[in-house]
Amino acid sequence: MIKRMCSILPLLLVSLNCFALKPIGNDVKAKRFNFGIRAAVDAPFISHRDLYIDWVKQEYAPDYESGIGASLAIFGRMNFDRHYLQIEAGASYFSTSATLPTYLFYDECHEISEISGRTVTIDVPILYGYSFVKKPPYEFSFFGGPKFRYSFDFANECVTTNNYILSVDNDINPASACFIVGLAAKISRFTIDFRYEIGITVDKKPDKYMLYQDNIPVKSGSIYMKNGINLLSFSLGVIL
């Protein structure tokens, strides 16, 4: 995913440069306040911290996987010479899965279980940026700041091989926060940015599980997959 992002960046910069050389009307740079829209491709990474089963800490680290996500946001920017403050409001979607051996739950069971979920978030980043290059129509900057999000876990499922089925509530913390760092380029009205989000809070709550054998419950208890979500994002935007 990272290699693909890097390979298309030079082509995008050349394309935007062609647009930038054409007259577009009002000078965007001269405005104290700008607003616009950005669309992004996201690559989430699960940051494992601890795993508790029946409130006993496990040494085993789940095998996490994540699918490519997407996000869409509107933003407003206050410009102060080379400094700016940017506030965004948007939504994002991503999916994750975790693979666990079921002997962690039940000694007599030696199957593999996969717990997967899909999440939609409402995001509000508050970013401070500094433009280290500002020569119209080009502008390059670095930025950072907190992002607050509210999550909706709208689908989850558990898959276990053979005769066993592991059912997990897969409850999430609705409110969470992360910290963003990134680099951005602006060519006339068009923007490109790379950003990395570092999860600060834990995104999971303690859950309940039930293990079935041939549709008969054989074990129940609690599971706490304590982790955070980091995210690499590449976006294109336009100032309206």
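This is a predicted model: local features need pLDDT of at least 70, side-chain atom pairs count only at pLDDT 80 or more; totals for chains, interfaces and linings use all residues.
Which residues have the most contacts inside the largest nonpolar core? Residues are numbered from 1 along each chain as its sequence is written, and side-chain values use heavy atoms, with hydrogens and water left out.

**View A. R77 and E139 form a salt bridge.** A salt bridge here is a side-chain nitrogen of Lys or Arg within 4 Å of a carboxyl oxygen of Asp or Glu, and the count by this rule is 11. For R77 and E139, the closest N and O atoms are 3.9 Å apart. R77 sits in strand β3 (residues 63-80) and E139 in strand β6 (residues 138-160), so this pair links distant parts of the chain, 62 residues apart. Strands (E, at least two residues) are DSSP runs, numbered from the N terminus. Both partners, R77 and E139, are buried, meaning under 20% relative accessible area with a 1.4 Å probe, protein chains only.

**View B. E197 pairs with K147 and with R149.** The closest N and O atoms of K147 and E197 are 2.8 Å apart. The side chains of E197 and R149 meet at 3.8 Å, N to O; R149 is in strand β6, 48 residues from E197. K147 and E197 are both buried, and R149 is buried too. Elsewhere, salt bridges that share partners join R38, E88, D193 and R195 into one network.

**View C. The largest nonpolar core has 17 residues.** Such a core is a set of buried Ala, Val, Leu, Ile, Met, Phe, Trp, Tyr and Cys residues joined through side-chain atoms within 4.5 Å. To return to the opening question, F105 and I223 have the most contacts inside this core. Strands β1 (33-53), β4 (83-101), β7 (164-168), β10 (207-213) and β11 (216-239) each supply at least two of its residues, and β7 gives the most, with three.

**View D. I223 and its contacts.** Leaving aside neighbours within four places in sequence, I223 is in contact (heavy atoms within 4.5 Å) with residues including L51, I53, L100, F105, V168 and Y209. A second, separate core of five residues includes Y84, L127, F143 and A184.

Notes:
Helices (H or I, at least four residues) and strands (E, at least two) are DSSP runs, numbered from the N terminus. Buried means under 20% relative accessible area, exposed over 50%, partly exposed in between (1.4 Å probe, protein chains only).
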